[in-house]
Every structure is written in structure tokens, then in C-alpha cells.
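I opened the model to look up its sheets, its helix packing and the surroundings of its ligand. My notes follow in the order in which I checked things.

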Amino acid sequence: MNAPILELVGLRKSYGENEVLRGVDLRVRPAELVCVIGPSGSGKSTMLRCCNRLEEPTGGQVVVDGLDIMRPDVDVNRVRQGVGMVFQHFNLYPHLDVLANVTLALRRVQGHSRAAAEALARAALAQVGLAEKAEAFPGQLSGGQQQRVGIARAIALKPRVMLFDEPTSALDPELVDEVLRVMRSLRDSGMTMLVVTHEMAFAHAAADRVVFMDGGVVAEEGSAADIFERPQGARTRSFVGRYM
Ligand code: ADP
Ligand code: MG
């Protein structure tokens with residue numbers, strides 16, 4: 001088996017008395033698309049945010065490409081370059097055009113020259129089907145297009161793994177598919193992806209593996225067919241039963 005790109009071992013996170021993650025074990029191997037599903041409040045976002053230290057875990061390990069990113073000598077900025085993240089709200093800068101939004105981190109964080117950053121940004125925009133929109137401003141784009149820019153901004157940095165936190169849940173229904181299509185094409189190009197989603201049809205059709213989180217732990221995991229067609233646990237059954 002290939003070594004995992006991302007591995008969570010006994011991951012714990014508490015907010016005061018509230019233990020939100022109670023020992024999460026999860027692996028994502030190279031080029032895998034793993035979907036995380038589960039009820040609201042089960043700790044999915046917290047788990048993702050621990051993967052690039054947007055949250056500091058209270059216990060356990062987060063290993064990215066063999067490096068325990070909780071080690072005190074680890075450079076958090078470097079970790080974040082290896083772990084791309086796409087959020088529900090795309091947070092583009094409205095006063096910058098698409099190209100400038102995508103080149104910003106390439107220039108400021110990765111130190112590329114303007115020309116190099118623009119070449120990388122244009123390649124990333126082409127990958128999400130938005131090569132023609134480089135000079136547009138976010139306000140001129142649909143929500144689906146803005147989220148595709150958000151994806152381009154993350155992949156332009158050439159991360160080892162991409163995390164998605166409900167990337168389509170802020171979109172009007174007719175705009176969801178274009179984003180899911182881009183995500184599938186990313187996977188087909190070999191990107192390693194961990195995707196929290198409520199899009200059960202997407203998880204069923206596209207995921208190599210599905211993880212069901214409940215109450216701060218991985219309650220069940222398996223192939224998409226395992227989880228959706230033959231769920232074992234009662235909670236998994238009732239959760240996926242609403243979509244099947
Ligand atoms: P999910 O993404 O599965 O809906 P979250 O990870 O967002 O779940 O939240 C899990 C729990 O952690 C919730 O009870 C939420 O209230 C709590 N929580 C999340 N972030 C914070 C925070 N910054 N401070 C305190 N509690 C938080
Ligand atoms: Mg969430």
C-alpha cells in the first residue's frame with residue numbers, strides 16, 4: 001500500500017469542556033478522494049481545520065507526507081502550502097481581479113515573480129475552466145465560478161492534498177454541478193482530496209472511500225458502495241437512508 005499523504009491518529013480537540021474530536025483516525029492515500037459525511041456538529045470542520053493547523057488539536061497526531069505537523073519545530077506556513085483548503089464561502093478579494101486573487105499567495109507566500117505567478121495562475125484557471133475570466137472581478141462571476149476561482153487559488157500553490165469543507169453548500173442548486181465536475185476532474189488528474197460534503201450523490205459516485213463521522217469520531221468507513229448500499233451501524237443507516 002502507498003504511504004498515506006495525510007494521516008490522523010487519535011486526533012482530539014476540545015473547546016473548554018466540550019470535547020469535539022474524541023480520537024479521529026483517518027488516512028488519505030495518494031490520489032484518493034475521501035468524502036467525509038455526517039450530521040451537523042459531528043466535528044467535520046474542526047477535523048479539517050486541524051489538518052493545516054487552523055485549529056490546534058488537543059491530542060493525537062496529524063501527519064502530512066510523513067511529517068508530524070504538530071511538532072514544535074514545524075513551520076506552519078510551510079505546512080499550509082502543502083495542504084490546500086477550499087471553504088464554503090470562497091472569500092475572494094472583491095477589489096482584485098481573478099488573476100490577482102489567484103496570484104496573491106503565489107507571490108507573497110511562495111515568492112514567485114509576477115510573470116511566474118501569472119503563468120501558474122493561468123494554468124490553474126484553465127484547470128477549473130475559467131481561463132477566459134482571468135481579468136474579471138469576483139462580482140461579475142456566478143457563485144459557482146467564484147468557487148472555481150477559490151479552487152484555482154488553492155491548486156495553483158501545488159499542494160500535496162486538498163481539503164474541501166462543504167464547497168457547494170453556499171451555492172444555488174443549479175451552480176453545484178459545475179463545482180463538483182471540477183472536483184472530479186481534479187481527482188482524475190491525480191490530486192489527493194479530503195472532501196466534507198452533503199452532496200450524497202457525489203460522495204456515492206466519486207469517492208474512493210467514505211468516512212461517516214458522528215459525535216467526534218469516525219463511526220464507520222468503507223467504499224462508497226459499503227457506506228451507501230450496506231451501512232453497518234444504525235446511525236450510518238439512518239443518516240444515509242435519508243438520501244438513498
Ligand atoms: P461540523 O462541521 O460537523 O458541523 P464542527 O466541527 O463545525 O462540526 O463543530 C463541532 C462542534 O464544535 C460543535 O458543537 C461546535 O459548536 C463546536 N465548535 C466548533 N468550533 C468552535 C469554536 N471555535 N469554539 C467553540 N466551539 C466550537
Ligand atoms: Mg462544518
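**Entry 1**

I looked up an open sheet of four strands, which has the order 2-1-4-5 and antiparallel pairing. The model is predicted. I found strand 2 (18–28) and strand 5 (67–68) at the edges, where each pairs on one side only. I then followed strand 5 to its partner: two bridges join strand 4 (residues 59–64) to strand 5, and the two run antiparallel. For V64 I noted L67 in strand 5 as the bridge partner.

I went on to an open sheet of six strands with the order 6-7-8-3-9-10, in which the pairing is mixed. Strand 6 (83–86) and strand 10 (217–222) each have a single partner strand, so one side of each has no neighbour in the sheet. On average, neighbouring strands of this sheet are turned by 20° against each other, direction ignored.

I checked one pair in detail. Strand 9 (residues 209–214) and strand 10 run antiparallel and are joined by five bridges. V211 stands opposite E221 in strand 10.

Next I listed helices that pack on this sheet. Helix 5 touches strand 6 and strand 7 (161–165), and its direction makes about 170° with that of strand 6. Helix 9 (residues 234–241) touches strand 3 (33–37), strand 9 and strand 10; its direction makes about 110° with that of strand 9.

**Entry 1: helix 5 against helix 6**

I asked myself how helix 5 and helix 6 lie to each other. The axes of helix 5 (residues 143–155) and helix 6 (residues 176–188) come within 9 Å and cross at roughly 25°. Angles under 35 degrees count as roughly parallel, and therefore I wrote down helix 5 and helix 6 as roughly parallel to each other.

I listed the residues that make the contact: G144, Q145, Q147, R148, I151 and I155 from helix 5, and E178, V179, V182, M183 and L186 from helix 6. Sorted by class, the contact has six nonpolar, three polar and two charged residues.

**Entry 2: ligand 1**

Which residues are around ligand 1? I noted Y15, N18, V20, P39, S40, G41, S42, G43, K44, S45 and T46.

A polar side-chain atom of Y15 is 3.4 Å from a nitrogen atom of ligand 1. S42 uses its backbone: an N or O atom there is 3.2 Å from an oxygen atom of ligand 1. For T46, a polar side-chain atom lies 2.5 Å from an oxygen atom of ligand 1.

Conventions. Residues are numbered from 1 along each chain as its sequence is written. Chains are lettered from A and ligands numbered from 1 in the order in which they are written. This is a predicted model: local features need pLDDT of at least 70, side-chain atom pairs count only at pLDDT 80 or more; totals for chains, interfaces and linings use all residues. Side-chain values use heavy atoms; hydrogens and water are left out. Axes are lines fitted to C-alpha atoms, for helices over the stretch in contact, and angles run from 0 to 180 degrees between N-to-C directions. Angles under 35 degrees count as roughly parallel, over 145 as roughly antiparallel, 65 to 115 as roughly perpendicular and the rest as oblique. Contact means heavy atoms within 4.5 Å. Ala, Val, Leu, Ile, Met, Phe, Trp, Tyr, Cys and Pro count as nonpolar, Asp, Glu, Lys and Arg as charged, and the others, Gly among them, as polar. Two strands pair if DSSP finds at least two bridges between them. A residue is near a molecule or strand if one of its heavy atoms lies within 4 Å of it. A polar contact is a pair of N or O atoms within 3.5 Å; within protein, one must be able to donate a hydrogen and the other to accept it, and residues adjacent in sequence count only if both atoms are side-chain atoms.
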